[in-house]
Amino acid sequence: MGASGEGVARGAGLDDAAAELRSWASTVLPGVTVALGPPSREPAQEQVSLHLVQIEGHPPPRGPRRPPLQVDLHFLVTAVSPRPESELRMVGELLFAALARDDLDVTMGPVTPELWQALGAAPRAAFLLRLPFRRELPEPRAPLVRKPLTEVMVSVPLWGQVLGPGDIPLAGASIEVPSLQLFTRADGEGRFRFGSVPPKPPPRVVVRAKGGVQTFDGPEVPGTPLTIHFPIEEG
């Protein structure tokens, strides 16, 4: 995680991603202990809990380059305190701080009773954060080209807008081109842009918004704007 807005943690291991998330929570709630692991059953003091509850894999994208290894880390974020009102305050501060960032995805929805039972903790205010974690692989050394090139690869921009029902712009939607290892987020008007992609074949685009994931074909005419109508299921 970082201020770059790419929304992908990079490091030597999963402990690096957890440490960065812990550091972020400490800046949101200075002076509050931030622990990695399930929430305490009998809180003696105010404490934030960040617990990795799921690791979701990504199939490697197809392409000429060696793809990175990437997984999604799902953290349960909650707080414990001898005072219930303090738990609500801490979870609320973390929730809105995460929503204000472009590089964190908040998963809305109830935490299942089965998860609380597995953790051996009583249900309390909580939410889930999705953090992509990527480990780059070294590129194999390509052989020297000893013949003149006969083709010139021309690139074009890939840009457009993500719209929800009623053509309402989906600000903050994540847009990914897996085959090219590109990632960005839509601005306040739902607009996005990648500066350079191959014109053919049109790259497929994966959009994540409002807890849903959809895959769309690229523009039929390279370089023209792509309008994505993203369906949102009613909860």
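## Exercises on a predicted chain

The chain exposes about 13900 Å², and carbon and sulfur atoms supply 55% of that area (Shrake-Rupley method, 1.4 Å probe; for residues, only the protein chains shown count as cover). This is a predicted model, in which local features need pLDDT of at least 70 and side-chain atom pairs count only at pLDDT 80 or more, while totals for chains, interfaces and linings use all residues. Residues are numbered from 1 along each chain as its sequence is written, and side-chain values use heavy atoms, with hydrogens and water left out.

**Exercise 1. Find which residues of the largest nonpolar core touch the most other members.**

Step 1. Recall the term: a nonpolar core is a set of buried Ala, Val, Leu, Ile, Met, Phe, Trp, Tyr and Cys residues joined through side-chain atoms within 4.5 Å. Buried means under 20% relative accessible area, exposed over 50%, and partly exposed in between (1.4 Å probe, protein chains only).

Step 2. The largest core has 25 residues, and Trp24, Val48, Leu50, Leu94, Phe127 and Leu129 touch the most other members.

Step 3. Now place this core: α1 (14-28), β3 (47-57), β4 (69-80), α2 (84-99) and β6 (126-135) are the elements giving it two or more residues. Helices (H or I, at least four residues) and strands (E, at least two) are DSSP runs, numbered from the N terminus.

Step 4. Apart from this core lies another, of 18 residues, including Val162, Ala173, Phe194 and Val207.

**Exercise 2. Describe the lining of the largest pocket.**

Step 1. On a 1 Å grid over the protein atoms alone, a pocket is an open set of points with protein on both sides within 12 Å along at least five of seven lines, a cavity is a set where a 1.4 Å probe fits but cannot get out, and lining residues have an atom within 4 Å of a point.

Step 2. Of the 29 lining residues, Asp105, Val106, Ala209, Lys210 and Gly211 lie nearest the pocket's centre.

Step 3. Among the elements giving two or more residues to this lining are β5 (105-107), β11 (205-209) and β12 (212-216).

**Exercise 3. Say which strand gives the most to the lining of the second largest cavity.**

Step 1. The structure holds 2 cavities of 30 Å³ or more.

Step 2. Residues lining the second largest cavity include Val156, Pro157, Leu158, Pro202 and Gly223.

Step 3. Strand β7 (residues 156-163) gives the most to this lining, with 3 residues.

Methods:
Points joined across faces, edges and corners; volume = space filled by probe spheres on them.
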